[in-house]
Every structure is written in C-alpha cells, then in structure tokens.
Amino acid sequence: MSIFHQPILHVVALLLDYPDDELLQNLPEIAFALESLDNAHEKEVAMLHDHIKWMQSLAPLQLEALYVNTFDWNPSCDLHLSNHILPEDDRGRGDVLVRLLEYYSTYGWAPGARALPDFLPVVLDFAVTLEIEESYIFLSSAAESIQILRDNLSEIQSPYARLLEPVLYRSHFLSPISSGVSV
C-alpha cells in the first residue's frame, strides 16, 4: 500500500473520476476523511466539502450525464492532459504517454489498466506517492495543461474547475494569494 504524502491530491483525483456507484457511495466517507488530511488548508477542505455536497445534491444519472458532457464530449475539457498541448493525432502524444509510463515504472508504480497515463486522476494518484517536493516538481511539469483545463472548465462554469485549484497551488503555478489559499 502506498503512503500518501499529499492526500488532498488523492481526494481531488477521486472527485475528478467518473461518478460511478462506488464513488457516490463513498462520498460520505471521503467527506469525513477530509477532516484529518495533512498538508491541506482550511479553504481547500471547505471547497472539497462544498463539491461533495454539490455532487450529493444531484441525482446519480444527472451527475453522470454532467460528467460525460463536461469531460467526454467536450474536447476542451478532456482530462487527458496531453490533449491540451498536443493534438490527438500528433505522434508526440504517444511519446509523452510512453515517457510517463517509463517515469512511473522508475518508481515501481503502474497506473490501472482503465486509463491512459496522462489521465488527470492517474497523474494525481501517482503524485501522492511522491515525497512532497518531488510531487511539486512532477506537477509543475503538467501545470500548463492543468491550467488550460481549469480555464476551459471555468469558461463553461463547471463546478469541477475549482477542484484544480489545490493541484495548481501544489504545482507552484498559483501563489497562495491567487488560489485563495492562505498559508
């Protein structure tokens, strides 16, 4: 079992994943676990609680449809980070995916078979296994794509946009002032 050095990133990864029955059933447990997170600021915890309440306020099919419309049918909000800097038919995208897999393997970590290595929840689940400074460096390499994704989500006024604030803050892309996080 991995040690989570930045559990807030794991929570964000969970909340950015497809809202299947398992995730929806675990939302109360996730909300409870937020209270004991290390390296989380009060504003981040409050925002995550608000997001969980928002998810719980929707009917499961409504939440699933919103998720699919946001992330699957809207290319500008794709959770595959390389899509924001490289066209899907660009051979460079394959290189990025291979390099990510190789990088993960140097740490003895492998993403599950269900998602590509640049899928943001996968990226975040890997980042939580790294020492804090290492995760900052790793996330800073993805900050441009994450910022583009956050901007695109904000443009369509998606509630998912706010979930990217803790990630961008930990990538040193946002200062605590601009992210609304007080240090």
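Q: Is Ser82 buried or exposed?
A: In this predicted model, Ser82 sits in the loop between α4 and α5. Its relative accessible area is 3%, and the cut-off for a buried residue is under 20%. Ser82 is therefore buried.

Q: Which residues does Ser82 touch, not counting those up to four places away in sequence?
A: Ser82 belongs to the loop between α4 and α5. Beyond four places in sequence, the residues that Ser82 touches are Arg93, Val96, Leu97 and Asp118.

Q: How many helices and how many strands does the chain have?
A: From the N terminus on, the elements run α-α-α-α-α-α-α-α-α-α. The secondary structure therefore comes to the following count under the DSSP definition of helices and strands: 10 helices and zero strands.

Q: What share of the contacts with a separation of 6 or more joins residues 24 or more positions apart?
A: The chain has 183 residues, and 51% of them count as buried. Among contacts in the chain with a separation of 6 or more, residues 24 or more positions apart account for 64%.

Q: Which residues touch the most other members of the largest nonpolar core?
A: This core holds 52 residues. Helix α1 (residues 7-16) gives the largest share of the core, seven residues. The members that touch the most others are Leu16, Leu48, Leu120, Leu124, Phe138 and Tyr160.

Q: Which residues is Leu124 in contact with, leaving aside neighbours within four places in sequence?
A: Leu124 is one of the residues that touch the most other members of the largest nonpolar core. Leaving aside its neighbours within four places, Leu124 is in contact with Leu9, Val12, Ala13, Leu16, Leu139 and Val167.

Q: Is Ala13 buried or exposed?
A: Ala13 is placed in helix α1. Leaving aside neighbours within four places in sequence, Ala13 is in contact with Pro121, Leu124 and Asp125. Its relative accessibility is 2%, so Ala13 counts as buried.

Q: How many Å apart in space are Ala13 and Leu164, C-alpha to C-alpha?
A: In sequence, Ala13 and Leu164 are 151 residues apart. In space, their C-alpha atoms are separated by 9.8 Å.

Q: Which helix gives the most residues to the lining of the largest pocket?
A: The largest pocket holds about 370 Å³ of space. Of the 15 residues that line this pocket, the closest to its centre are Ile85, Val96, Leu100, Ser141 and Ala142. Both α5 (91-106) and α8 (143-155) supply at least two residues of the lining. With four residues, the helix that gives the most is α5.

Q: How many nonpolar residues are in the lining of the largest pocket?
A: The pocket is lined by 15 residues. By class, three of the lining residues are polar and three are charged. The nonpolar residues in the lining number nine.

Q: Which helices do the buried residues of α8 pack against?
A: Helix α8 has 13 residues and reaches 18 Å from its first C-alpha to its last, close to the 18 Å expected at 1.5 Å a residue. Its buried residues are Ala143, Ser145, Ile146, Gln147, Leu149, Arg150, Asn152 and Leu153. They pack against α4 (60-72), α6 (120-127), α7 (132-140) and α9 (165-170).

Q: What is the phi of Gln157?
A: Gln157 follows α8 and lies in the loop between α8 and α9. With a relative accessible area of 71%, Gln157 is exposed. Although Gln157 is not a glycine, its phi is positive, at about 60 degrees.

Q: Which residues does Tyr136 touch, not counting those up to four places away in sequence?
A: Tyr136 is found in helix α7 and is buried, with a relative accessible area of 17%. Its C-alpha lies 4.8 Å from that of Ser171, a residue 35 positions away in sequence. Not counting residues up to four places away, Tyr136 touches Gln6, Arg170, Ser171 and His172.

Q: Is Ser36 buried or exposed?
A: Ser36 lies in the loop between α2 (21-33) and α3 (42-57). Ser36 and Pro7 are 29 residues apart in sequence and 9.7 Å apart in space, C-alpha to C-alpha. The relative accessible area of Ser36 is 57%, and the cut-off for an exposed residue is over 50%. Ser36 is therefore exposed.

Notes. Residues numbered from 1 in each chain as written. Predicted model: local features only at pLDDT ≥ 70, side-chain atom pairs only at ≥ 80, totals over all residues. Heavy atoms only, no water. 1 Å grid on protein atoms, 1.4 Å probe; cavity = no way out; pocket = protein on both sides within 12 Å on 5 of 7 lines; lining within 4 Å. Points joined across faces, edges and corners; volume = space filled by probe spheres on them. Nonpolar A, V, L, I, M, F, W, Y, C, P; charged D, E, K, R; others polar. Core = buried A, V, L, I, M, F, W, Y, C linked by side-chain atoms within 4.5 Å. Buried < 20%, exposed > 50% of the residue type's maximum accessible area, 1.4 Å probe, protein only. Contact = heavy atoms within 4.5 Å. Expected span 1.5 Å × (residues − 1).
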